[in-house]
Amino acid sequence: MNATPPDKQAALDSAVADALALIDQATDAQAIRAAVNAATGKKGPLAAVKAGLGKVPDLDARKALGQAVNEAIARVEQAAHGRESVVKRAAFAGSIEADREDMSELALRTSARRGRMHLVTQATERLEDVFVGLGFRIAEGPEVETDFHNFEALNMPPSHPARSMWDTLFVDQDPQGSVVLRTHTSPVQIRVMQEWPPPIYAVMPGRVFRKETPDATHMPVFHQIEGLVVDRNITFADLAGTIESFTKAFFGESFTSRLRPSYFPFTEPSAEFDIRRPDGSWIELGGCGMVHPRVLAAAGLDPEEWSGFAFGFGIDRMAKERHGVEDIREMYSNDVRFTEQFS
Ligand code: PHE
């Protein structure tokens, strides 16, 4: 078999060596391709050798030279591929480095930032604790209520004037006016009486809604806690005694309570209750009274057999009072710097 003539082989070797040197120096894909083209392109040294193929008269010698040219091209391509993957990896590492974020400040932070419970949540939990301590169970009801539970079963038939004591938000649901956002937690009294056989000693905290414009002492969404006792021979004295025990347990021994005559359609007699601070000033807290016989009957209990009392008051107002918050809207400003002051 005919070998490639030494001069041609030398030309190929030196063209390959030149190309490999260029490829080795290249730092991006474009430079690598340029080096490949310089060696193997139409005007390159390998093409020149290839062009002379036709002038080789001996068939075997021509084949051998053709093979040598192809091998030279293959060596250049192989070197280019190798270099390309190196350059690609370097570019990727570079972009990772460029994207790096300095997190050392976060990593060095010694104390984790902890969340705080909202003032209303804190007050609700404390109230629940006190009432559980007095022997009450906790119940909850829906925030979207039927007119029946929110008004009718509480002795306010449709168009009863007392309905205007609550500025009601109605849900757009047919028949219109049949579904409301509950205006107080009293509808939960009805649900508890419908579900639990007496004797009942329960408190029912929750969110309530009224069509109000927010100001320093009002919010359209706020919280109440309802109390309900249904048992045999429950009297007004039991109500007054419970309010007094609660006052001392929650606010402290130096606080007392008083009841003032008032009106609610679902209690008879009805009263407002106030708390007396040690300095002699009074805080108006909520409403209460003996459960109206018609309310017991609407919930399916026999008023001849059972009697009871109920009370309800605003939790937000208590939290505001306890922490000396000036404007109730501040409690809902969603500013952690506010909540962080109280824990
Ligand atoms: N539901 C009454 C209100 O929101 C408060 C109340 C509850 C009064 C229970 C009497 C008995 O104003």
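The model is predicted, so to speak of local features we need pLDDT of at least 70 and, for side-chain atom pairs, pLDDT 80 or more, while totals for chains, interfaces and linings use all residues. Residues are numbered from 1 along each chain as its sequence is written, and side-chain values use heavy atoms, with hydrogens and water left out.

Let us start with the rings. Rings of Phe, Tyr and Trp (its six-membered ring) pair if their centres lie within 6.5 Å; planes under 30 degrees apart count as stacked, over 60 as edge-to-face and the rest as tilted. By this rule there are 14 aromatic pairs. One of them joins phenylalanine 246 and phenylalanine 250, stacked with 5.6 Å between centres and 25° between planes. These two residues are four apart in helix α9 (residues 236–251), so about one helical turn separates them; a helix here is a DSSP run of H or I with at least four residues, numbered from the N terminus. Both phenylalanine 246 and phenylalanine 250 are buried, meaning under 20% relative accessible area with a 1.4 Å probe, protein chains only.

A second stacked pair is made by phenylalanine 311 and phenylalanine 313, at 6.3 Å centre to centre and 15° between the planes. Phenylalanine 311 is buried at 2% relative accessible area, and phenylalanine 313 is buried at 2% as well. One aromatic cluster includes Phe246, Phe250, Phe311 and Phe313, with Tyr201 also among its members.

Now look for the charges. A charge sits over a ring if NZ of Lys or CZ of Arg is within 6 Å of the ring centre and within 35 degrees of the ring normal. Arginine 126 lies over the face of phenylalanine 250, 4.4 Å from the ring centre. Likewise, the charged end of arginine 137 is over the ring of tryptophan 196, at 3.9 Å from its centre.

Note on methods: Buried means under 20% relative accessible area, exposed over 50%, partly exposed in between (1.4 Å probe, protein chains only).
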